[in-house]
Amino acid sequence: MTKLTLGSHPYMLGFEQLERMLERSAKSGNEGYPPFNIEQTSQNSYRITLAVAGFAEENLAITVEDRQLVIRGRQGDEAEDRLYLHRGIAARQFQRSFVLADGVEVGEAIMENGLLHVDLTRAQPEPVVQRIKINKG
């Protein structure tokens, strides 16, 4: 059986990158921690909100790596001197990745009441009409 790809379709020239992006996002895992929301705040802007209760700003890192927004959290192990009778709040690390389309830029990040907000904006490209000259052979 032949695998049908976007690059094999005659009208979909140059979409190999889109196919790679879809494969990468499918491999990124579906772990549910930490929970997050994605909202559209205007026609060209978005906000990702992660529930990061228990994390301080210095425990979080936000980077953009190869058109992918990566948010990492790592808590220090301060509990070595404590004796827990029950530990239901785990101090675990996480990594959340979001694939960004071309033209989407990461704005500011705000920490508020245990929620991390990351704002994104999408630049509107100018419409381009290009006339191609036909040469005689």
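This is a predicted model: local features need pLDDT of at least 70, side-chain atom pairs count only at pLDDT 80 or more; totals for chains, interfaces and linings use all residues.
View 1. Four strands, in the order β1-β2-β7-β6, form an open sheet whose pairing is antiparallel. Its edges are formed by β1 (36-42) and β6 (104-112), each of which pairs on one side only, and the twist from one strand to the next averages 20°.

**View 2. N59 in the loop between β2 and β3.** The loop that links β2 (45-51) with β3 (60-64) contains N59, a residue that is partly exposed because its relative accessible area is 21%, a value that falls between the limits of 20% for buried and 50% for exposed. When its neighbours within four places in sequence are left aside, N59 is in contact with R72, G73, R74, Q75 and G76. For N59 and G76, the separation in sequence is 17 residues, while their C-alpha atoms lie 7.7 Å apart in space.

**View 3. I71 and the pairing of β4 with β5.** I71 stands opposite R96 in β5. Strand β4 (residues 68-73) runs antiparallel to β5, and 6 bridges join the two.

**View 4. The open sheet of β3, β4 and β5.** Three strands in the order β3-β4-β5 make up an open sheet, again with antiparallel pairing. Here β3 and β5 (94-99) are the edge strands, each pairing on one side only, and neighbouring strands of this sheet are turned against each other by 15° on average, direction ignored. In general, the strands of a sheet pair through backbone hydrogen bonds, either parallel or antiparallel.

Key
Residues are numbered from 1 along each chain as its sequence is written. Side-chain values use heavy atoms; hydrogens and water are left out. Buried means under 20% relative accessible area, exposed over 50%, partly exposed in between (1.4 Å probe, protein chains only). Contact means heavy atoms within 4.5 Å. Two strands pair if DSSP finds at least two bridges between them. Axes are lines fitted to C-alpha atoms, for helices over the stretch in contact, and angles run from 0 to 180 degrees between N-to-C directions.
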